[in-house]
Amino acid sequence: MEFKDHVCELLNTIDACQVFFDITVNFDLTKNYLDLVVTYTTLMTILSRIEERKAIIGLYNYAHEMTHGASDREYPRLGQMIVDYENPLKKLMEEFVPHGKSLSDALISLQMVYPRRNLSADQWRNAQLLSLISAPSTMLNPAQSDTMPCEYLSLDAMEKWIVFGFILCHAVLNSDAAALSLWKLALQSSTCLCLFRDEVFHVHKAAEDLFVNIRGYNKRINDIRECKEQALSHAGSMHRERRKFLRSALKELATVLADQPGLLGPKALFVFMALSFARDEIIWLLRHADNIQKKSTDDFIDKHIAELIFYMEELRAHVRKYGPVMQRYYVQYLSGFDAVVLNELVQNLSVCPEDESIIMSSFVNTMTSLSVKQVEDGEVFDFRGLRLDWFRLQAYTSVSKASLGIADHKELGKMMNTIIFHTKMVDSLVEMLVETSDLSIFCSFYSRAFEKMFQQCLELPSQSRHSICFPLLCTHFMSCTHELCPEERHHIGDRSLSLCNMFLDEMAKQARNLITDICTEQCTLSDQLLPKHCAKTISQAVNKKSKKATGKKGEPEREKPGVESMRKNRLLVTNLDKLHTALSELCFSINYVPNLAVWEHTFTPREYLTSHLEIRFTKSIVGMTMYNQATQEIAKPSELLTSVRAYMTVLQSIENYVTIDITRVFNNVLLQQTQHLDSHGEPTITSLYTNWYLETLLRQVSNGHIAYFPAMKAFVNLPTENELTFNAEEYSDISEMRSLSELLGPYGMKFLSESLMWHISSQVAELKKLVVENMEVLTQMRTSFDKPEHMAALFKKLTSVDSVLKRMTIIGVILSFRSLAQEALRDVLSCHIPFLVSSVEDFKDHIPRETDMKVAMNVYELSSAAGLPCEIDPALVVALSSQKSGETRMQKDNISPEEEYKIACLLMVFVAVSLPTLASNVMSQYSPAIEGHCNNIHCLAKAINQIAAALFTIHKGSIEDRLKEFLALASSSLLKIGQETDKMTTRNRESVYLLLDMIVQESPFLTMDLLESCFPYVLLRNAYHAVYKQSISANA
């Protein structure tokens, strides 16, 4: 009510003063007058659209009465107003009859501005609008106009002034041809106008409904209908062509200004015109696309709208970045030119009252006092006082009885309008950007259209480079908040944050998907180069050489790797080319800005891409292992390494498109893959390969389907009834183990070793139980090794002899596998960090014998981590130590250290006296070709040495003494089978003899001299002779 009263009072005052309105002269006064009229009209129209308005004001009055004890004294008037404005425009038409003269004068002054702004794209193109390079000779000349502020005035605002204005003072349409021309032009341009945000006003229907009840307005009604048809049939295509022109014009403007930012000074007007024109076209499209009244919708779907918004953002960025350049230019312009011209105009005035003279003199003095040094010193300029004084002066000089009438001195008004524009270039650049290019209407009011535009932009590869404009638009949203409605602020702020986050996330996902597709293609190409694919090519070459038939006739020749790079035609575009093109376009967008601020939050687009790449790289690496738990299938380490390297090569190339640290991605992902679980708790390649080698490969070794061949340094399948689904050699040879070491790294290999040691410790625990069962017998045998008959009798009392040997063999197999892994790790690290590895090796080799064991174990742990072999395996010591402490906790009665030491000694005795039983096993035959036995008993040498070293390190006993004792017992036991006559018992006696030699060769604590003292070397020599002879005869 108060607003209505004030508006009515002000409009009456303006009429009484007979104020002169001309948008080209007293711009601020005329613009604000027209804005007032339209705001008042809009408010009343929106009020009439509230369905429950009567109930709302009734509730308000009831609440007021409960709170204050009486109803609001303005309530009757408010209720009457609600009733009166049921049909708001009809009531306003009656209300504006007395104001018709002032309103029509203000509107008719638009005839110099609106038709010039509402031109077709062809007319713009012919006039080379917004082009800086069309006339190179005038490029440095300042862009001038008699109507500077009108050049970037919103077309949308002018159309609202014209449509609502002439509805309110419709009588002038019958009497003034200029008014009718403006009215028709506005009706032909749009089918609906914006009332407030996404509330629209359907122009033609409303105008027709109003005029149909006025006598003699048939001609006007026909005009409205004709204009509606014109708008429906031509407005869409006209605006589409305008947008098309503006895309190229803004691109040219942005490119030139990026190269020559100094032109922002003289050509600032062009920039704000371009921004205003583009903003008007985008808002027009947005409004009409949401309120289509035409069957054909092609003109209202613009897949290239992102490009236009992008160039707007580019121009805005230039203005913000080079603001000081513009300030320097216009400070000099104001002080050196504008002040002089204004002073001359003031001097030439025939009449100039004192008040007006003081104001104008202050204008001149303010401008004259400006200097470039103020800009260089970073001084903050503020010309709001000057602009307010000019507004006041317009009011003083526009009334009918003014001594100095601005109607008679139009040059002064036009000059001052130009000066006002120049002052805004110095102190109000940000406000000018908001005024001419604010697109905050996208926020919550057209969010669905906004998101749809974004999706269309991403789907079109040529437009994806402009997708960054959508997150950038989110920085506009806070400008649509208003101090009178603070509660909206948080909602709009949260909306802007969520939209910005969603856009950047989608862009990163799209880029990630493209990169993944490229990686897949590159992995396929790398796969073609794997050795397994060359067999067919070699076979064809051999057959060709020997002139054999090459299989089926007409069989297509296999394409060789690299054929895809040979192009017969430049126009031929492969899928990889398309992916790279799409990626480069999208990455341009992601890399466009380092960060952007939205509602006191900072977003970094590149970080979105980095995080998505990390997640996808992690999933891809695990996925490329192709691990199938059901069938226990897994990719060979060498093939996985090839794929990972191909993947990494592609990711490395991303740095050519986006400024991101891809090394950080590699470090984060690959380091996580060396652990048991990644940061999300998902299994890694380390856990997958560790499980596979333990549960699949080594389990089949234990089952006798696979043997370790020392000569090949690999595990090999043995011929069995049930063929295995995998070839063990393809997973355990030197190249595969090196590939595994490359993939898992020292951390992963350490985890693999710890898992292996856990299995060994569980076997040792079982062995200790067997020792405890046979403790009495073993104690006697330990001291009776020189009494053959007594030993034979005691041996028969032993139980679980085969189990001891089998478990020791399993331990040996696991340790053999670990030695392969350690050797591979050493080879890999020697390539990557040769100097560091050589330093560690030197450190290990020069530990003094008298060094404290704790210190020595620390050195061994370092050496083991580098893949170097150690006399005492630190991982095994740790595993057996933890088992010892675990057993102690589990048992109620603590076993004394002496008892544990005795069990360890007796375990070695048990193994030593059990060795002769191996001679009766058919599979214990030694094969010179593989330098081992098919039942893996050659692995006992490693098991005996490593277990003895670890156990006696833990129990602080003498490793050397205990191994001497073992050698004495073993040699004594084996010498006995030399006297046996039973061929079944001694069938592989010579093969078992060789175990003694292997044990001594493997041990850093035993020597051949010591063996010679226990076991005659002639027997070993004869044993080697016998097994080689047997091997030759078997092969023959």
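**View 1. His204 in helix H13.** His204 lies in helix H13, which spans residues 203-211 (helices are DSSP runs of H or I with at least four residues, strands are runs of E with at least two, both numbered from the N terminus). The model is predicted: local features need pLDDT of at least 70, side-chain atom pairs count only at pLDDT 80 or more, and totals for chains, interfaces and linings use all residues. Residues are numbered from 1 along each chain as its sequence is written, and side-chain values use heavy atoms, with hydrogens and water left out. His204 is buried, with a relative accessible area of 2% (buried means under 20%, exposed over 50% and partly exposed in between, with a 1.4 Å probe and protein chains only). The His204 side chain reaches the backbone oxygen of Leu187 at 2.8 Å. Residues touched by His204 include Leu187, Ile224 and Lys228, leaving aside residues up to four places away in sequence (contact means heavy atoms within 4.5 Å).

View 2. Strands E5 (residues 706-709) and E6 (residues 714-717) pair in the antiparallel sense over 4 bridges (pairing requires at least two DSSP bridges between two strands). Phe709 has Ala714 in E6 as its bridge partner. Between the two strands of the hairpin are 4 residues, and Lys713 in the turn has a positive phi of about 50°. From E5, Ile706 and Tyr708 point one way and Ala707 and Phe709 the other way; all are buried.

**View 3. Leu698 in the largest nonpolar core.** Leu698 touches Tyr693, Phe715, Leu756, Val813, Ile814 and Phe817, not counting residues up to four places away in sequence. Among the 267 residues of the largest nonpolar core, Leu250, Phe272, Leu697, Leu698 and Phe715 touch the most other members (a nonpolar core is a set of buried Ala, Val, Leu, Ile, Met, Phe, Trp, Tyr and Cys residues joined through side-chain atoms within 4.5 Å).

Key: Polar contact = N/O pair within 3.5 Å; in protein donor to acceptor, adjacent residues only side chain to side chain.
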